[in-house]
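Thank you all for coming. I would like to walk you through one structure this morning, and I will begin with a question once it is on the screen.

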Amino acid sequence: MQKLIIKGRKELSGKISISGSKNATLPILAASILASKVSIKNIPLVKDIFTMIELLNFIGLKTKLNKSKKIIEIINKNTKINTLAPYKLVKTMRAGVLVLGPLLTRYKKAKVSLPGGCAIGTRPVDLHLFALKKLGAKIKIKDGYILAQAKNGLRGTNISFPSISVGATENALLAAFQAKGETVMKNCAIEPEIIDLIIFLKKLGANIKLKGRTIFIKERKVKKSKIIHEVIFDRIELGTYMIASALLAKKDLKINKVNPKIIKSEIDVLKKIGVSIIKKKTSVVVKKGINLKKINITTKPYPGFPTDLQAQLMVLLTQVNGISKIKENIFENRFMHVPELKRMGAQIEIKGKTAIIKGPTKLTGAEVMATDLRASVSLVLAGLVAENRTIINRLYHLDRGYEFLENKLNSCQAKIKRI
Ligand code: UD1
């Protein structure tokens with residue numbers, strides 16, 4: 001089993017380039033089921049993306065990933081299509097459930113494994129199924145699989161989501177794209193990754209309009225010509241490296257290949273804490289934070305502060321003056337990094353949905369265990385700022401979503417070794 005060994009308290013300097021967004025690439029890959037030929041650029045080379053590609057191959061699409069150029073070419077010849085997403089692929093990557101909408105709308109049936117629970121909470125798919133049923137799908141759950149059918153095709157309808165879900169909005173969008181007539185979806189997630197999916201679907205021929213949290217989709221024919229798309233940057237990776245810079249930049253650190261306008265709430269939060277950030281057109285420059293101030297914050301759907309940066313922010317808050325509070329409002333069990341951070345010396349107390357963080361505290365290296373993707377990277381940040389050596393176990397979580405993490409940090413003078 002691989003481990004990361006981090007020698008802490010090394011100041012960071014230099015530049016980091018941000019990769020393509022994993023969470024945007026996954027639904028766009030699922031959307032390629034609807035197309036004939038696509039070429040997608042800026043593909044992040046991470047485990048979840050490889051799993052999704054494996055799933056597309058299983059379904060019968062032809063994929064060719066050029067790793068050095070980070071481009072994938074996908075061809076759907078529309079023959080020998082397997083409308084099945086097996087357990088072995090969906091269990092490791094929940095986003096596998098996103099093939100349900102496109103398979104159902106194009107091939108009128110799909111059998112997709114239920115993703116099951118995961119470490120950060122139960123993560124049901126009831127909202128995905130609610131939307132598909134509204135669009136006319138007949139759905140049964142049998143032997144751990146979702147069996148969905150729409151013999152006469154899906155029909156446009158009105159869908160009002162009872163609560164906001166990124167995945168359910170994506171699945172519904174993908175299904176409604178080829179549903180007859182018009183679909184109006186209210187209370188949708190409007191994360192930048194969903195906007196990227198809409199841009200991709202429009203290239204495919206879709207007529208989609210967005211107003212606030214309402215999405216209007218009109219039936220359109222899919223274009224047969226080749227679609228070329230470049231995936232948006234990974235705003236969570238950017239947020240993670242902005243926090244690393246705030247903790248450890250020698251002078252400042254430049255983070256490239258981003259659009260700062262998209263992460264306004266994250267930048268506002270860091271500025272409120274006292275971090276100096278200079279926004280440029282396609283980069284941000286972050287200085288090490290001095291005399292940082294406490295903050296109270298709640299995670300929310302976009303444009304609010306993202307749950308995917310909660311664990312990383314918590315590490316920064318162990319280093320600020322005073323008592324900060326983070327309320328986790330999206331997932332019920334997303335504080336699993338807390339016991340590990342406490343083993344490194346952090347003073348954090350959990351009260352219901354809220355973590356109370358006392359700072360500043362000196363962190364010291366320890367052997368710790370990664371529990372989920374974002375928790376893992378928070379332990380890397382803690383290891384970077386801690387005295388002595390930190391050993392991080394269970395790296396497969398980290399490898400699901402962070403491309404070349406140790407290479408990127410080591411190129412900025414961090415001392416991280418994978419063994
Ligand atoms: C996506 C992101 C994940 C991020 C999350 C919230 C991807 C691949 N993953 O996950 O990184 O943390 O958005 O920003 O893009 N829920 C239900 N029923 C459903 C679906 C969701 O109750 O059918 C609940 C979830 O348990 C959770 C909340 O809704 O409490 C939000 O989840 P959702 O937005 O769906 O997250 P994902 O799409 O799974």
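In which hand of crossing, left-handed or right-handed, does α8 pass α12? Before I answer, please keep in mind that this is a predicted model, in which local features need pLDDT of at least 70 and side-chain atom pairs count only at pLDDT 80 or more, while totals for chains, interfaces and linings use all residues. Residues are numbered from 1 along each chain as its sequence is written, and side-chain values use heavy atoms, with hydrogens and water left out.

Now the answer: α8 passes α12 in a right-handed crossing, where right-handed says that the near helix is turned clockwise from the far one by less than a right angle, and left-handed that it is turned anticlockwise. Helices here are DSSP runs of H or I with at least four residues, and strands are runs of E with at least two, numbered from the N terminus. The two helices pack at an angle of about 20°, with their axes 10 Å apart; the axes are lines fitted to C-alpha atoms over the stretch in contact, and angles run from 0 to 180 degrees between N-to-C directions. α8 and α12 are therefore roughly parallel to each other, a term for angles under 35 degrees. Among the residues that meet, α8 brings Ile236, Ile243 and Leu247, and α12 brings Val377 and Leu381.

Let me turn to the domains, whose bounds come from an automatic or database domain assignment. The chain is divided into domain 1 (4–19 + 234–418) and domain 2 (22–230), and their centres, taken over C-alpha atoms, are separated by 31 Å. In contact, meaning heavy atoms within 4.5 Å, are 23 residues of domain 1 and 22 residues of domain 2.

The largest nonpolar core has 147 residues, with Leu201 and Leu313 having the most contacts inside it; such a core is a set of buried (under 20% relative accessible area, 1.4 Å probe, protein chains only) Ala, Val, Leu, Ile, Met, Phe, Trp, Tyr and Cys residues joined through side-chain atoms within 4.5 Å. Helix α8 (residues 235–248) gives the largest share of this core, nine residues.

Finally, the backbone: a cis peptide bond joins tyrosine 302 and proline 303, with omega about 10°, and another joins glycine 359 and proline 360, with omega about -5°. Proline 360 lies in the loop between β21 (354–359) and β22 (367–369).

Key: Buried means under 20% relative accessible area, exposed over 50%, partly exposed in between (1.4 Å probe, protein chains only). Angles under 35 degrees count as roughly parallel, over 145 as roughly antiparallel, 65 to 115 as roughly perpendicular and the rest as oblique.
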